[in-house]
Amino acid sequence: SVQRLAAGLAAEITFLQVLPASGVMDSVNERETFEVNAYLKVQVLALNEQGIAANHIVRTGEAAAEIADFAAVNKMDMIAMSTHGRTGISRALMGSVAETVIRNSSVPILLIKAG
């Protein structure tokens, strides 16, 4: 897991959650951002308690572009992300954020199958 990798290398983990830009009311966006921040704070605190440096950030936009941009601008050593492993029609219809990040990022990527 990324947690074990970070602990073994004394690396810092940055959780990045990208929320889709939407035309919904500001109050809905604010609530969603608040909920994501609250969840990520719990994850960061759990890692900090284990001696692993961690932080989090929430951005809004197109996920693959935001991930690749964040990693490049912040000179990240690696992107670790989960993938749902969709194939066939569901992948064709929904696209693959992981695949797009792989194509557009100059940063090494570790993919972990979700679930």
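A salt bridge here is a side-chain nitrogen of Lys or Arg within 4 Å of a carboxyl oxygen of Asp or Glu. By that rule, the count for this structure comes to 4 salt bridges. Keep in mind that this is a predicted model, where local features need pLDDT of at least 70, side-chain atom pairs count only at pLDDT 80 or more, and totals for chains, interfaces and linings use all residues. Residues are numbered from 1 along each chain as its sequence is written, and side-chain values use heavy atoms, leaving out hydrogens and water.

Start with R59, E66 and D69, which are linked in a network of salt bridges. R59 pairs with E66, with the closest N and O atoms 2.8 Å apart. E66 is buried at 17% relative accessible area, while R59 counts as partly exposed at 21% (buried means under 20%, exposed over 50%, partly exposed in between, with a 1.4 Å probe and protein chains only). R59 also pairs with D69, and there the closest N and O atoms are 3.1 Å apart. This second pair links distant parts of the chain, since D69 is in helix 3 and R59 in strand 2 (residues 54-60), 10 residues apart. Helices (H or I, at least four residues) and strands (E, at least two) are DSSP runs, numbered from the N terminus. D69 is partly exposed, at 35%.

Another salt bridge joins the side chains of E35 and R31, at 3.7 Å from N to O. These two sit 4 residues apart in helix 2 (residues 26-49), so about one helical turn separates them. Both ends are partly exposed: E35 at 47% and R31 at 48%.

Now back to helix 3 (residues 63-73), whose axis comes within 9 Å of that of helix 5 (residues 97-104), crossing at roughly 40°. That makes helix 3 oblique to helix 5; angles under 35 degrees count as roughly parallel, over 145 as roughly antiparallel, 65 to 115 as roughly perpendicular and the rest as oblique. Where do they touch? A63, A64, I67 and A68 in helix 3 meet V97, T100, V101 and N104 in helix 5, contact meaning heavy atoms within 4.5 Å. These residues divide into 6 nonpolar, 2 polar and no charged.

Finally, look at two loop residues. A10, between helix 1 (2-9) and strand 1 (13-19), has a positive phi of about 55° although it is not a glycine. K75, between helix 3 and strand 3 (79-83), has a positive phi of about 50° and is not a glycine either. A10 is exposed at 72%, and K75 is exposed at 68%.

Terms used:
Axes are lines fitted to C-alpha atoms, for helices over the stretch in contact, and angles run from 0 to 180 degrees between N-to-C directions. Ala, Val, Leu, Ile, Met, Phe, Trp, Tyr, Cys and Pro count as nonpolar, Asp, Glu, Lys and Arg as charged, and the others, Gly among them, as polar.
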